[in-house]
Amino acid sequence: ILYHHDQKIDAIYSNTDPSKTTMIKNILQGATTKYTLTILGKTIKKISLANITMQNKLMNQQQATILKNNPKMAQKIKQQTPKINNQSISNPTVHNHYIYGDSNSTYFNKIIPVLIGFFVFMFVFLISGISLLKERTSGTLDRMLATPVKRSEIIFGYMISYGILAIVQSIVIVFFAIWVMNVQVVGSIFSMIIINVLLALVALTIGLLLSTLTTSDFQMMQFIPVIVVPQLLFSGLVSLDSMGKWVQDITYIFPLRYAGDALNGIVMSGESLGHFGGDIIALLIFIIIFTVANVLSLKRYRKV
């Protein structure tokens, strides 16, 4: 946003992408310089024309004598000669203002909201998946399945217990980023925590599902490049505008894509949760789908 008054320009940048902010600042600086040179060129042209006119009038001695004997006429010609106005040819003063960050913001400031969501997803995924895998390989899950407890009750029990840990872990990561790493949050910290908690619950249900399909910790770790790494690549961290449409469409199957969109809007633009209703609904759909898949996956161990 640009506001211009007198010789002062106030430029307000969202600064969500420091590289674009720098490009716009350079364009603005070039425009003000071009404006100054244009005004200066017109002023010099006027002065040159006035000097030529003045020289023509003073070419013969008779006119020079008349001017010498007539101070009023000489003063009148002098007044007709334009003067350079220092203020009119000076560069307009540009004052930069930033909604997010400052003039020292870097590309790291742009990716930090997505990285916060990524670490929440990765840590919860690993903890939930490996923990349930240990209980299954140690025989705890088999003994639980031998009781009249329903499969859905088992899954919800795991989700509640590990969900509490996921919420605590999400809060710790968010406040660590804010207090230790000095990440500026334009919007509500509470909204930021809500999005991270929803993402953590998605990671929890995915981790529980994969733990029922693996037989060892090594197999669980092998899912990291298959499940976790693509989340980061298709989360908006890397621009996909120049890639094929089918690549851009793939991003919609990754939960971190929705969480990253919401976190960027909250952290950098100060948007409210209501602005990201679609992203929140998408995360809730992921939670429901993987929860149902978890209940169905336990049929491998108990048919009722």
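Is Ile194 buried, partly exposed or exposed? With a relative accessible area of 27%, Ile194 is partly exposed, because that value falls between the 20% and 50% cut-offs. This residue is a handy starting point for a walk through the structure, which is a predicted model.

## The overall picture

The protein chain has twelve helices and three strands. Of its 304 residues, 39% are buried. Among contacts between residues at least 6 apart in sequence, 76% join residues at least 24 apart.

## How confident is the prediction?

The mean pLDDT of the protein chain is 75, and 62% of its residues reach 70 or more. Among the elements of the chain, helix H12, covering residues 277-297, has the highest mean pLDDT at 91. Helix H2, covering residues 61-69, has the lowest, with a mean of 54.

One stretch calls for some care. Over residues 84-88 the pLDDT is below 50, and beyond near neighbours in sequence this stretch has five contacts in the model. Where pLDDT is low, the predicted coordinates should not be read in detail.

How many aromatic pairs does the model contain? The count comes to seven aromatic pairs. A pair of aromatic rings is described by the distance of the centres and the angle of the planes. For Phe121 and Phe125, the ring centres are 6.3 Å apart and the planes meet at 5°, so this pair is stacked; the cut-off for stacking is an angle under 30 degrees.

Phe121 and Phe125 are four residues apart in helix H4, so about one helical turn separates them. Phe121 is buried, with a relative accessible area of 0%. Phe125 is buried too, and its relative accessible area is 0%. Elsewhere, Phe118, Phe119 and Phe123 form one aromatic cluster.

## The second largest pocket

The second largest pocket has a volume of about 180 Å³. Twelve residues line this pocket, and Phe119, Ile173, Phe176, Ala177 and Met181 lie nearest its centre.

Helix H4 (107-137) and helix H6 (151-180) each supply at least two residues of the lining. By class, the lining has eleven nonpolar residues, one polar residue and no charged residues.

## Along helix H7

Helix H7 runs over residues 189-211, and Ser191 lies in it. Ser191 has a relative accessibility of 7%, so it counts as buried. Not counting residues up to four places away in sequence, Ser191 touches Ile266 and Leu273. Ile194, the residue of the opening question, also has its place in helix H7.

With 0% relative accessibility, Leu208 counts as buried. What does Leu208 contact, leaving aside its neighbours within four places in sequence? Its partners are Ser128, Leu132, Tyr158, Met159 and Asn294. From C-alpha to C-alpha, Leu208 and Met159 are 8.6 Å apart in space, while 49 residues separate them in sequence.

Arg151 lies in helix H6. Is Arg151 buried or exposed? Its relative accessibility is 14%, so Arg151 counts as buried, the cut-off being under 20%. The C-alpha atoms of Arg151 and Ser297 are separated by 9.3 Å, although the two residues are 146 apart along the chain.

Asn182 is found in the loop between H6 and H7. Asn182 is exposed, with a relative accessible area of 62%. Its backbone has a feature to look for: the phi of Asn182 is near 55°, a positive value in a residue other than glycine. Most residues other than glycine have a negative phi.

Notes. Residues numbered from 1 in each chain as written. Predicted model: local features only at pLDDT ≥ 70, side-chain atom pairs only at ≥ 80, totals over all residues. Heavy atoms only, no water. 1 Å grid on protein atoms, 1.4 Å probe; cavity = no way out; pocket = protein on both sides within 12 Å on 5 of 7 lines; lining within 4 Å. Points joined across faces, edges and corners; volume = space filled by probe spheres on them. Nonpolar A, V, L, I, M, F, W, Y, C, P; charged D, E, K, R; others polar. pLDDT = per-residue confidence, 0-100. Contact = heavy atoms within 4.5 Å. Phe/Tyr/Trp six-rings, centres within 6.5 Å; stacked < 30°, edge-to-face > 60°. Buried < 20%, exposed > 50% of the residue type's maximum accessible area, 1.4 Å probe, protein only.
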